[in-house]
Amino acid sequence: MTSPNGNLAYRPQEAPSPTHADARVIGEVQPADLCAAEAAAEAFLRALGIDVDSGGVRDTPKRMTRAYSDLFTPQSFELTTFPNDEGYDELVVAKSIPMRSVCEHHLLPFSGVAHVGYLPGSRVVGLSKLARIVEFFARRPQVQERLTKQIADCLVDRLGPKGVGVVIEAEHSCMSMRGVRAIGATTVTSTLLGSFAMTPVRGKSSLLSPESDHVPLSRSHLHTSGG
């Protein structure tokens, strides 16, 4: 599945099933030409009037290249899942997952936390993999709205849960360091799918609320079918 920016993709399984175990989430990016990137970085700095021959800046183009190469390279991983043998049917939420990415409009960083929750179906996912999914989609030039939806869509594709909710809170340096310079402003985005999407509007704001010390633990907060 290719992302809207045309640079990052992952390979979804054909369909979730009770017998499906692990699936590899693979980052597919065009090979980086680090030599060309370093030359371009040097030309960029010179064009801005920066003396790249001075001692402290001489290796800056190389450091820039390595830094952005790391920021833009997603790491493939195994999305480990397990049979939901106990029939667990309450929410699973990983809160305050550290997140950092780069705004595709100005190539300036934005960072914050992601809250990822799902209502299990026939399988549950290893908890560390929720953080892996966040990191995977954050490692490209991004917009926060797309990032939020990609995380949720990946869980739906790979896990087949009854519902998924993702909330991201982030501070964008393109807002705090330039333009309006709104230091401390936080942007919040959310994607609610499946039974989460059918939650009454008033309940949506608290479903994965980062403000509270707990999340709703009753299926009565969700519109679910069966059981």
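I will go through a helix pair, then a sheet, then the helix lying across that sheet. Keep in mind that this is a predicted model.

Start with the helix pair. Helix α1 covers residues 34–47 and helix α2 covers residues 60–71. Their axes come within 8 Å, and the crossing angle is roughly 125 degrees. The crossing of α1 past α2 is right-handed.

Which residues make the contact? On the α1 side they are Leu34, Ala37, Glu38, Ala41, Glu42, Phe44 and Leu45. On the α2 side they are Thr60, Pro61, Lys62, Met64, Thr65 and Ser69. By type, the contact residues comprise 7 nonpolar, 3 polar and 3 charged.

Now the sheet. It is open, has 5 strands with mixed pairing, and the order is β7-β4-β5-β8-β9. At the edges are β7, residues 141–142, and β9, residues 187–194, each pairing on one side only.

Inside that order, take β4 and β5. Strand β4 runs over residues 92–103 and strand β5 over residues 109–119; they pair in the antiparallel sense, with 9 bridges.

Helix α4, residues 144–159, lies across β4, β5, β7, β8 and β9. What is its angle to β8? Helix α4 runs at about 155 degrees to β8, which spans 163–172.

That is the end of the walk-through.

Notes: Residues numbered from 1 in each chain as written. Predicted model: local features only at pLDDT ≥ 70, side-chain atom pairs only at ≥ 80, totals over all residues. Heavy atoms only, no water. Axes fitted to C-alpha atoms, helices over the stretch in contact; angles between N-to-C directions. Helix = DSSP H or I, 4+ residues; strand = E, 2+ residues; numbered from the N terminus. Left-handed = near helix turned anticlockwise from the far one by under 90°. Contact = heavy atoms within 4.5 Å. Nonpolar A, V, L, I, M, F, W, Y, C, P; charged D, E, K, R; others polar. Pairing = 2+ DSSP bridges.
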